[in-house]
Every structure is written in C-alpha cells, then in structure tokens.
Amino acid sequence: MTSTVKSTWSSTRHRGAAAVALAVAAALVAGCGSSSDDTSDNPLSEGGASDGKTVVVGSNNFAESILLADIYGEALKAKGIKVEYKPNIGSRETTYGLLKNGSITVLPEYNGSLLAYLDPDAEQKSTESVNAAVKAKLDSKLTLLESAPAEDKDSVSVNAETAKKYDLTAESTLADLKDIAPELVIGGSPEFQTRHQGLVGLEKEYGLKFKSFKALDAGGPLTQAALTKNTVQAADIFTTDPTITKEKFVVLQDPKNLFGFANVTPLVYKSDLPQEGVDALNAVSAKLDTKTLLDLDTQVQLENKDPLDVAKAWLQSVGLD
C-alpha cells in the first residue's frame with residue numbers, strides 16, 4: 001500500500017531554506033573551487049550553453065550535488081559533447097533562475113524536493129506522478145529527464161547496537177519498530193517532532209510511539225553523534241549520509257512512503273541539450289541506485305577522494321565512459 005504524501009519544505013541540505021541573491025552566489029562560488037576541470041570561475045558569467053556548442057553542468061553547494069554534476073558532465077563528455085562546469089552555485093532559489101535563463105544546461109535535482117519548491121501543497125503518490133507534477137509546473141524552457149532509483153531523503157535509522165539488540169536489518173521496515181518503539185529515544189530536528197513527515201506520520205502510518213524525542217539538528221553532526229553514542233537509538237538520517245556506512249547504522253525501509261520521494265533526476269534547459277546528451281544522462285539514471293550513491297558519497301566525504309576521479313571510475317565500472 002502506498003500512502004499519499006504531501007510535499008513539505010524540509011530542512012534537508014538539498015532543499016535550500018532561503019533565497020540567495022545572485023550576487024551572493026557569485027561571491028560564494030568565486031571562493032569555492034571544484035575538483036572538476038573546464039570550470040568557470042564565475043557561475044553567473046555569460047557564454048557556455050548559449051553558444052549552442054557547450055553544455056553547462058551546474059551544481060548546488062553541497063558535496064553530493066558536485067559529485068552528481070561530475071558524473072553527468074563526464075557521461076556527456078564520453079559522447080563527444082563539450083562540457084563546462086559551474087559548481088557550488090548555491091540553493092535552488094538561485095539555480096532554478098539560472099536554468100530558466102539558459103546560464104545552466106543541466107543540474108542534478110531531487111524530484112520530490114523540486115516539486116515542494118514549485119508547489120508546496122502538491123501530493124506525492126509515486127515517482128511517476130511526482131515527475132508529471134513537476135513537469136506541469138516547470139518553466140516551459142525546462143524539463144526533467146528520467147529519474148534514478150537513487151534517493152537522498154529522510155529516513156528513520158537505528159544504530160548498530162540497537163539493530164543487534166532487536167534483530168533489525170536493512171530489510172526491516174518501520175512497521176518492525178511498533179512493539180519496540182516505546183523503549184527507544186528518537187532524535188531529529190525540532191520540526192521532526194511536529195511534522196507529518198516526522199513523529200506525527202510515524203504514529204499515524206505505522207503506529208509508532210517512542211519513549212521520548214530529543215531535539216537535535218536536521219540530519220547533521222548533532223544527530224549523527226547522538227546516534228553513534230547511543231544518546232538516541234533511532235534518528236532522522238539522510239539515506240545517502242556516509243555516516244551510515246562509517247557507523248554501521250541501519251536504515252529502515254519505508255513501504256508507505258511517509259518520507260515522500262527524492263529521486264536523483266537531471267533538470268535541463270531543453271534547447272541546449274542534444275538528444276545524445278539526453279540519452280547519456282538517462283543511461284546514468286538507469287544505473288544509479290541509493291546503495292551506489294551512498295558508496296560514492298562515502299568515497300568523497302569520508303575517504304577524501306576527488307569527486308571527479310570518483311565520477312570517472314564509477315562511469316567506467318558501469319560501461320558509460
């Protein structure tokens with residue numbers, strides 16, 4: 001059974017919480033380099049895709065977006081397409097405007113989060129319905145390509161000690177917590193306590209009533225540390241957070257889709273991406289699942305590998321180089 005989920009403007013890192021002025025974004029990028037080659041110093045500069053020969057691949061200002069941009073860009077290069085990178089631009093409020101005016105051709109997006117930006121009241125029933133709703137709201141010059149199975153979204157995860165104690169595995173679901181939730185302290189952002197995509201929905205959809213709630217941060221270092229130290233036994237952790245691998249957290253499955261959809265999906269400026277580019281990016285999406293993205297994020301964020309090198313190695317491993 002799949003429940004209907006309303007989009008909420010969550011505080012996750014890929015759902016920029018506040019508008020960022022273009023001038024500020026330019027200054028930010030000027031001070032933040034990228035490991036990618038062919039990178040312009042200023043993400044707001046003229047040129048690039050507008051000349052009809054170069055595809056401009058942008059990214060938001062967090063590590064996973066930069067990695068995904070490198071994957072997209074290198075997949076396009078493998079098809080003989082000239083690519084320019086504009087990384088670390090800022091939040092969705094900025095990047096969406098740059099896509100509309102053609103300054104960016106391709107941007108890694110998350111379908112449900114983008115829908116929440118375009119229509120905060122939209123319902124999310126499936127990946128397909130979310131993508132259809134996004135396309136209906138997009139500027140006419142833009143479109144979504146095919147979504148990857150990979151998602152980066154909220155989850156309820158338990159630490160290794162708790163998983164061992166209650167025999168919880170990667171195949172376990174939130175429903176498996178029903179009898180043991182009264183023994184567990186759960187942590188997350190203060191908003192997690194009052195949101196449907198939080199304690200309210202966990203009780204309504206899965207019948208979960210926890211021992212107590214500890215207000216921390218939105219999947220950040222406070223939450224990670226509390227779960228690691230067993231201050232909380234369950235917490236709201238993003239599904240591609242490398243801490244999951246490092247600390248052996250167990251992410252519980254969400255069969256009722258309480259936390260909505262956040263599939264990695266290329267958002268593109270249609271007129272500047274040739275069909276071979278569309279095909280190349282769709283081929284990337286077909287190969288990219290959440291487990292793979294978590295592994296790639298771990299290489300970049302914990303092992304300190306260059307995201308461009310990680311992107312190239314993965315594309316080679318799946319025959320897309």
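View 1. Residues are numbered from 1 along each chain as its sequence is written. Because this is a predicted model, local features need pLDDT of at least 70 and side-chain atom pairs count only at pLDDT 80 or more, while totals for chains, interfaces and linings use all residues; side-chain values use heavy atoms, leaving out hydrogens and water. Helices (H or I, at least four residues) and strands (E, at least two) are DSSP runs, numbered from the N terminus. Here pLDDT is the predictor's confidence in each residue, from 0 to 100. Its mean over the chain is 86, with 84% of residues at 70 or more. Residues 1–51 sit below 50, yet this stretch has 134 contacts in the model beyond near neighbours in sequence (contact means heavy atoms within 4.5 Å). Of the 321 residues, 57% count as buried (buried is under 20% relative accessible area, exposed over 50%, partly exposed in between, with a 1.4 Å probe and protein chains only). Take the contacts with a separation of 6 or more: 78% of them join residues 24 or more positions apart.

**View 2. Helix 11 (residues 290–301) packed on helix 12.** Axes are lines fitted to C-alpha atoms, for helices over the stretch in contact, and angles run from 0 to 180 degrees between N-to-C directions. On the helix 11 side you'll find T292, L296, Q299 and V300; facing them from helix 12 are P307, V310 and W314. By class, that contact has five nonpolar, two polar and no charged residues (Ala, Val, Leu, Ile, Met, Phe, Trp, Tyr, Cys and Pro are nonpolar; Asp, Glu, Lys and Arg are charged; the others, Gly among them, are polar).

**View 3. I71 in helix 2.** With 0% relative accessibility, I71 counts as buried. Leaving aside residues up to four places away in sequence, I71 touches V284, L296, A311, W314 and L315. Its C-alpha atom is 8.7 Å from that of P307, although 236 residues separate the pair along the chain.

**View 4. Helix 10 (residues 275–287) and its cover.** The 13 residues of helix 10 should span 18 Å at 1.5 Å a residue, and the end C-alpha atoms are 19 Å apart, which agrees. That expected span is 1.5 Å times one less than the number of residues. Buried here are G277, V278, A280, L281, N282, V284 and S285. Their cover includes helix 2 (63–77), strand 4 (106–110), strand 12 (264–269) and helix 12 (307–317).

View 5. D167 is exposed, at 64% relative accessible area.

**View 6. D241, in the loop between strand 10 (234–236) and helix 9.** Is D241 buried or exposed? Buried, at 6% relative accessibility. Not counting residues up to four places away in sequence, D241 touches G219, Q224 and L294.
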